[in-house]
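The entries are in the order I made them.

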Amino acid sequence: MSDNVLESLNEELYERIQKEIESTDLIYKIGRIFSAGEDLVSMLNQVMEQLAKRLSVIRGAINVYNEQQERIYIDSSYGYTSEEVKKGMYKPGEGVIGTVFKTGKPIVVPSIDNEPLFLNKTGARKGRGQGNCVFICVPIETKGSVIGTISIDKEKQYSESFLEELNILSTVAIMIATAVDERRHALMREEELKEENRLLKIKLNRSKSSGKLIGNSQLMRDIYEKILLVAPTKSTVLINGESGTGKEIIADEVYENSDRKGMPYVKVNIAALPDNLIESELFGHEKGAFTGAHSQKKGRFELANGGTIFLDEIGDLNLQGQVKLLRVLQEKSIERIGGTKTIPLDVRIIAATHQNLEKKVEEGNFRLDLYYRLNVFQIYSPPLRERKADIMLLADYFLEKYSAELKKRINRISSEAINMLVSYHWPGNVRELENCIQRAVIINEENVIRSTHLPPSLQIAESVSQRNMTLDEIENQYIKDIIIDNLKITSGNITKAAQRLGTTKRILNYKIKKLNINFMDYRNK
């Protein structure tokens, strides 16, 4: 064997030994990190730094799966900005990271330019032309389940092998699996505690009030939080929202949670007052101030002194009334019509409207300076169609309320009726839903609300929604609803449900499988 060949073999052997030494050294250093007993965040960040040094990576990340959000996100990283980290979220099966998570198999992308799975969600790879950049991602597993991934970007020639990087990442993934799993559960618990804390605050404060504001949707949670923020202050509140969304109830909750609870609380519906009586109703008058003023009368503001006044439908206030109201807000005092005495006021104002006040300002029908005075703290009361998650909660509340009032024993709503309630667009909002349930209770002679008990408007909407369905589909849906209704009654017991329906267990089982019904969903419910 020639000296050149021997020299070449020795160089290859030396390089291989060097790489093994370096790999062993990396594993040793990572082992030392975990034996140091630092917090999980610090340990995983140090792991990324060691990987970056050993493999000369441009960017790297430990990606963790959040079961509650059903998303994979970057937890520890190297080479990413904080903004890029926020953007780096994937669904299982989405992109390279999501695919590795879902399949549990590593993926090597020799050229990110030529890989359609590579989504660049973080935006870290600016533009194209990065064909010299390789992306490697391996799964992190524990107890037979994938809980996250490790991924790296690295500049590398196409002809080079990525086996070394793959082996190192796979080894590190095994070493950090327990720590990543602990970190994952700690993050989920942290989220749960934050949510529990927020709901507890809302619940504690709601227990002090009327409890009429019902809903668990995110929109309603936002309203609860805003109420808790503004209620203890003296700030003027403006409530916007369509008719029937519960603006008055929001105003009540602000009052109930304020320091002025127990003090006067006066409500005025501006739309219900004739223009020629608005000033007298709001600010009062002296005896003889005008024809018909036979005695002195205190206005609503004076009656509310020391407490709160709720001005409903403020958008209907005429321009003359707007001028007077603006003066009250500016000077914090009033004069009765025909009087000369200035009466100081300490009144907290809550206003509400279904109108677009900004548009009315543009049209010259509402004073801009008054709008600014009223719009100190705004609360949006969303229409029911924007918070469909609350429909059944409200329906159950009204069912319980009117069943008790009318002394009827109606304890539930059938599946087909639920479908109608949830799919309807509710132009009249919560008020329409309340009237709908009240009507259903009145005409009901059973212990369950069925679709036939709902108003014609919902029946028509349901029939319109079914126009694109075939006869077989409509029939199957009807049968499915009846089966589900009986499974609920029997707590998922197929034998008892079959007896109620006058059929056999075998036939009912066949229909359950055909209609893709999971009877276990109704056990112990």
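I worked from a predicted model, in which local features need pLDDT of at least 70, side-chain atom pairs count only at pLDDT 80 or more, and totals for chains, interfaces and linings use all residues. Residues are numbered from 1 along each chain as its sequence is written, and side-chain values use heavy atoms, with hydrogens and water left out.

I took helices as DSSP runs (H or I, at least four residues), numbered from the N terminus. Axes are lines fitted to C-alpha atoms over the stretch in contact, with angles from 0 to 180 degrees between N-to-C directions. I noted contacts (heavy atoms within 4.5 Å) between I391, M392 and A395 of helix 13 and I418, L421 and V422 of helix 14. These contact residues are six nonpolar, no polar and no charged.

Helix 13 and helix 15. Here the axes come within 9 Å and cross at roughly 45°, so helix 13 and helix 15 are oblique too. Helix 13 contributes I391, L394, A395, F398, L399, K401, Y402 and S403, and helix 15 contributes V430, L433, E434, I437, Q438 and V441. I counted 10 nonpolar, two polar and two charged residues in this contact.

Largest pocket. I found 21 lining residues, with G244, T245, G246, I249 and R431 nearest the centre. Helix 7 (247-256), helix 13 and helix 15 (429-443) are the elements giving two or more residues to the lining. The lining divides into seven nonpolar, four polar and 10 charged. For these classes, Ala, Val, Leu, Ile, Met, Phe, Trp, Tyr, Cys and Pro count as nonpolar, Asp, Glu, Lys and Arg as charged, and the others, Gly among them, as polar. A pocket is an open set of points on a 1 Å grid over the protein atoms alone where a 1.4 Å probe fits, with protein on both sides within 12 Å along at least five of seven lines; lining residues have an atom within 4 Å of a point.

Note on methods
Parallel < 35°, antiparallel > 145°, perpendicular 65-115°, else oblique.
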